[in-house]
Structures are given as structure tokens and as C-alpha cells.
Amino acid sequence: MAGEMGRTMRIETMETLGVDAKKLEKIKVKELTEIQRARLLKVRPELMSSSIELKPSKPSTSKGFLSFYSSPMVLADPLPSNDIALFSSAFQGAVFPGVQVEFKPIKKNKMHLVEFHVTLNEAKTYKFRVFSYPLATFQDIAITTSQVITTLVPPFEELSSGFGASIQQRNEPGDNAGWMFHKVRITSVA
């Protein structure tokens, strides 16, 4: 009985956030190619270093960790379609809905590319503020299709830890703009 009630609540929450549970299984997470990553880092592909990947089912490692803000539901399942954090502008808490990653540099004094893989639930304009740390720079963007939101974290010589990036949804609560977070990937210049 409790299992059935939990399943019903999960389905109702997903529907409220604009997620079709049947379509969820068919979602393909958009990936950047190595050439696209190299272009963003302004290097040849062979000059890229290894990467760190974090997702709801693996939110932390010795190299970094994820934080979720105002997420009404996190599904941490080995299946990619069920390894998501759900967000909506309609469910804003004390902070804007968003995802933050903090990480140790892969290579010290080198540029890092941070990719946030998201799926938008509806055909509307989504507004995000994208931050990179430690310099606390940000950019406001508007997107209408599921994609990879990227930011560059520049080298910072005096600091060997505490690098990070985040995305915050900036739609108004009345926009009821639901979205899914799949994973973050961090790549560095070798």
C-alpha cells in the first residue's frame, strides 16, 4: 500500500512539473563532441585532459560534488532516464531552482569547461543565470530547446580548490517552466 501511494505521488509530482513519465524513457541526453569541447576550450582535441562527470546517482567524488537547490524531486537510478533532478520555476524556494558543482581543478592553472546537461519540459523560453567561480562571473541566457549549458572557469593561480559553476533558473513562478538536470561534465586543458 505504501509503495503504491509513493508511486502515485511520484507520478503526480512529475505531471505537475510537466514530465510525461512515458516519454521520460525515450529521452536522449544531448552530448558535446570532443571537437566541440576542444573548440570551446580553444585547443586541439589532443590537448584536452580527462574529465569529471557527476549526476544525481553519483553526486560526489573525491574530485567534486553537486548541490541541488529548490528541486522538488531527485531520481537517483542507474537507468539514465531515471537519473535526473526535476526543477520548475513554479516551485521556487528561498533560492532560485538550480544546480551547482564545486570541483578540484583537473589541471592546475588551466581553463576548465563545465557542461550542464538539461532537458526542457515544454516549448517556452527558459531563462538561466550561469555562474563560474572563483571569480563569480555570470551570464544571463535564454534557451528554447534542450541542450548543454556551458561555462568556462578560467585558471586562477592562487587557488588550488574551490572552483565551481552553477545554473539558476530565472523564470517567474507563473511561467511554470519545468526542466530536468541529467549530469555535469568538467573537462580541462592538458
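What follows is a tutorial dialogue about reading the features of a predicted model.

Biologist: Before we start, what should I keep in mind about the numbers?

Modeller: This is a predicted model, where local features need pLDDT of at least 70 and side-chain atom pairs count only at pLDDT 80 or more, while totals for chains, interfaces and linings use all residues. Residues are numbered from 1 along each chain as its sequence is written, and side-chain values use heavy atoms, with hydrogens and water left out.

Biologist: How many helices and strands does the protein have?

Modeller: Helices (H or I, at least four residues) and strands (E, at least two) are DSSP runs, numbered from the N terminus. Here you get three helices and twelve strands.

Biologist: What does the radius of gyration say about the fold?

Modeller: The radius is taken over C-alpha atoms, and the globule rule is 2.2 Å times the number of residues to the power 0.38. For 190 residues, a compact globule would come out near 16 Å, and the protein's 17 Å agrees with that. Along the principal axes, the C-alpha atoms fill a box of roughly 55 × 30 × 30 Å.

Biologist: And how much of the protein is buried?

Modeller: Buried means under 20% relative accessible area, exposed over 50%, and partly exposed in between (1.4 Å probe, protein chains only). Buried residues are 39% of the 190. As for contacts (heavy atoms within 4.5 Å), 73% of those with a separation of 6 or more join residues 24 or more positions apart.

Biologist: On to sheets. What is the order of the six strands in the open sheet?

Modeller: Strands of a sheet pair through backbone hydrogen bonds, either parallel or antiparallel. Two strands pair if DSSP finds at least two bridges between them. The open sheet here runs 2-3-6-11-8-9, with antiparallel pairing. Its edge strands, strand 2 (60-61) and strand 9, each pair on one side only. Inside it, six bridges join strand 3 to strand 6 (residues 98-103), and leucine 66 has valine 101 of strand 6 as its bridge partner.

Biologist: Why is strand 7 described as largely enclosed?

Modeller: Count its buried residues: nine of the nine in strand 7 (residues 112-120) are buried, so the rest of the structure largely encloses it. His112, Val114, Phe116, Val118 and Leu120 point one way, Leu113, Glu115, His117 and Thr119 the other, and all are buried.

Biologist: Which strands does strand 7 pair with?

Modeller: Seven bridges join it to strand 10 (residues 147-153), running antiparallel, and nine join it to strand 12, also antiparallel. Take valine 114: its bridge partner in strand 10 is threonine 151, and in strand 12 it is isoleucine 186.

Biologist: Is arginine 37 buried or exposed?

Modeller: Arginine 37 counts as buried because its relative accessibility is 2%. It lies in helix 3 (residues 34-41). Leaving out residues up to four places away in sequence, arginine 37 touches Glu31, Leu32, Met48, Leu113, Glu115, Arg185 and Thr187.
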